[in-house]
Amino acid sequence: MPAKKPGDILLEDFAPLEGADAVAWPTVESTTDNDPAPATAAIRYQLVVDGLKPLGLLDEFQGLSSLWLHRAEDANLAQINRRISEDRDLIDQLLRSIGYYGGSSVAAITPPRTARSATMITIKVTPGQIYVYDDIMVSAPASAALAVDPGPIVTPLLGISLGDPIEAAQVNAAQDALPLRLADAGYAFARIIAPDIGIDHASRTASLRQFVDLGRRGVFGQLTITGDTQGFDAAHLQRLARFKPGEPYRNGGREDLRRALIQTGLFGAIAIKPVEGGVTADGRGEVNLEINAEGAPSRTLSASGGYSTGQGIRLEGSWAHRNFFPPEGALTLRGVGAQREQVAQVEFRRRNFRRRDQSLSLSGGLSFSQQFAFSANTLGVTAAITRESNTIWQKAWTYSIGAQVLATSQRDLSAAGQPRNQFYVLAFPGSVTWDQSDDLLNPSRGFRLTGRLSPELTLRSGASVNYLKAQIDGSIYQPIGNLVLAGRLHFGAIFGANRGVVVPDRRFYAGGGGSVRGYEFQRVGPRSDDGNPTGGNSLVEASIEARYRFTAFGADLGLVGFVDAGQVYQSTVPSLRGLKAGAGIGVRYYSSFGPIRIDVATPINPEAGDPRVAFYVSIGQAF
């Protein structure tokens, strides 16, 4: 039998039937007239137990049974008789553990009919009558320091009700859960004494007596951290906590803080211990939280890659120190090498800036881009405050607001003579997202809606242009059997300036892996006489996907069928005229860091120069 832990109720703790010693156990009987085998003869046997499986006790019996554990070994008759006796006692305890008292078991030994066959041992179990609780009482022990009646608080938290069968597993589960439930009710230091269970065989009922010393109801006190603190102090810890000192103590608040510390990526392990503090003026007890932290590696070297027709191979790498400026001040160096784009960037990000899950980021970098519509050499600086969502706490509302200063030299490849001009851009981009999807990386239900606004000022050759760039992007996800249907709509418009005076790389373009698949990047929309994309002042895109996920070859895979459509317009307000459409299929490999996507698409209504087939390889769903 397993070792007994404090508070556990084991099988033998359930009282046997009164007078059981006076009731003769069923005898072991033989079903043959043959002479019994000598006590010392080697016997091979098989075991059949009838009556335990419907009660859900067969697996537990087989894990503890002497007959079952030694069934592959030869035994003599004396050993078999001893094992039968032990197993009948075990069966009685198992029956009592789920509330059946007065049950019986009959064992029969059938000798082998041939020299090669085995002796058959059969045990038939009759469970008897089930006993239930008719009285549950919770009270404070005589040694309780405070005269607090625990009954109204503890009784609903026990998980045991009048009329329930007397089950050992239920009692043990209640004892295991009670400290956490009491802590969540504000009693972090409650003292719980193992219950007494009384059996009344005449009425086939039981009474349960639970003794609990609640102590003082708690309020949150001070936060301290020891070990590898990573520069965290009490003020930063309090910023992560969803509670303030003096608020009613909840164990859920402590667990939430532990998860928040792990989410920073700076700690490999966190243990938070409640410690009794002082007593408040109204008699409640302070619960201080002592945090012991084990640090995690703070440096990360990462790389990723992708491929798309027209854009070629794209490689990206970064080096990050997540705590270069403690606490939570990360420094990231990022580089992109691709056929049509090269980027070198440095970023500083302070997570949990002024409030939990809010970040301050400052970045600067140099980029060189050679696209079908333009070529651009840009030096830029960006600052933003962002309310973030993550895989542990996916938030319904997130936002970002920032400022951007750019100095860029660009050649408009769609303009006559393809002139190169110098632009200076000041922008104030902001966005708000309402997310009601069920998963941040791979949604299968719900919707997302994002709005973006960017007031921008552009200087060129001493002249200035002001305009507003606006976008709205929505997606919806609906499971149908084993399929997930996903749809997306995206609208964009520039107000206050015509296309010709807007910096080429800030116009709207369509086509490519994140837009209208089947067409090359920027190749959907109006073109100049020599076939280069002009960009536009408005945009519309739409997509629908049917996603099927399955397991094959030991891998988590998916198949996707999709249709995309979109168009770019010179007008400020988009329309639905002249839509370009593409269709295709894709494969998904669902890794621990998100889906890896491979899509193959073809244009439905191509123009001259558009490819017959386009390929896209990237990380993440298309939307």
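Mentor: We will start with the whole chain and then visit some single residues.

Trainee: Great. What should I know before I look at any values?
Mentor: This is a predicted model, where local features need pLDDT of at least 70 and side-chain atom pairs count only at pLDDT 80 or more, while totals for chains, interfaces and linings use all residues. Residues are numbered from 1 along each chain as its sequence is written, and side-chain values use heavy atoms, with hydrogens and water left out.

Trainee: How many helices and strands does the protein have?
Mentor: There are seven helices and 29 strands in the protein. Both are DSSP runs numbered from the N terminus: helices are H or I with at least four residues, strands are E with at least two.

Trainee: Is the protein a compact globule or more spread out?
Mentor: More spread out, because its radius of gyration is 36 Å, well over the 25 Å that the globule rule gives for 623 residues. That radius is taken over C-alpha atoms, and the rule is 2.2 Å times the number of residues to the power 0.38. Along the principal axes, the C-alpha atoms fill a box of roughly 110 × 75 × 40 Å.

Trainee: What share of the residues count as buried?
Mentor: Of the 623 residues, 43% do. Buried means under 20% relative accessible area, exposed means over 50%, and partly exposed is in between, using a 1.4 Å probe and protein chains only.

Trainee: And what about contacts along the chain?
Mentor: Take the contacts with a separation of 6 or more: 60% of them are between residues 24 or more positions apart. A contact here means heavy atoms within 4.5 Å.

Trainee: Okay, single residues now. Where is Ile291?
Mentor: Ile291 sits in strand 12, which covers residues 285-295. Its relative accessibility is 1%, so Ile291 counts as buried.

Trainee: Which residues does Ile291 touch?
Mentor: Not counting residues up to four places away in sequence, Ile291 touches several, including Thr224, Leu237, Leu257 and Ile270. Gly215 is 76 residues from Ile291 in sequence, and their C-alpha atoms are 23 Å apart.

Trainee: Is Gly511 buried or exposed?
Mentor: Gly511 is buried, because its relative accessibility is 4%. You will find Gly511 in the loop between strand 24 (483-495) and strand 25 (538-552). Leaving aside neighbours within four places in sequence, Gly511 has contacts that include Val516, Tyr519 and Phe521. From Gly511 to Phe491 is 20 residues in sequence and 14 Å in space, C-alpha to C-alpha.

Trainee: What joins the side chains of Asp412 and Ser414?
Mentor: A polar contact of 2.7 Å does. That term means a pair of N or O atoms within 3.5 Å; within protein, one must be able to donate a hydrogen and the other to accept it, and residues adjacent in sequence count only if both atoms are side-chain atoms. Asp412 belongs to strand 19 (residues 397-412), and at 10% relative accessibility Asp412 is buried. Among the residues Asp412 touches, not counting those up to four places away in sequence, are Ala373, Arg499 and Arg507.

Trainee: What is phi of Arg354 near?
Mentor: It is near 65°, a positive value in a residue other than glycine. Arg354 is in the loop between strand 16 (341-350) and strand 17 (358-370), and Arg354 is exposed, with a relative accessible area of 68%.

Trainee: And Ser461, where is that found?
Mentor: Ser461 is in the loop between strand 22 (446-460) and strand 23 (463-480). Phi of Ser461 is near 55°, a positive value in a residue other than glycine. Ser461 is exposed too, at a relative accessible area of 73%.

Trainee: One last stop: where does Pro179 lie?
Mentor: Pro179 lies in helix 5, residues 168-184. With a relative accessible area of 40%, Pro179 is partly exposed. Val502 is 323 residues from Pro179 along the chain, and 65 Å separates their C-alpha atoms.
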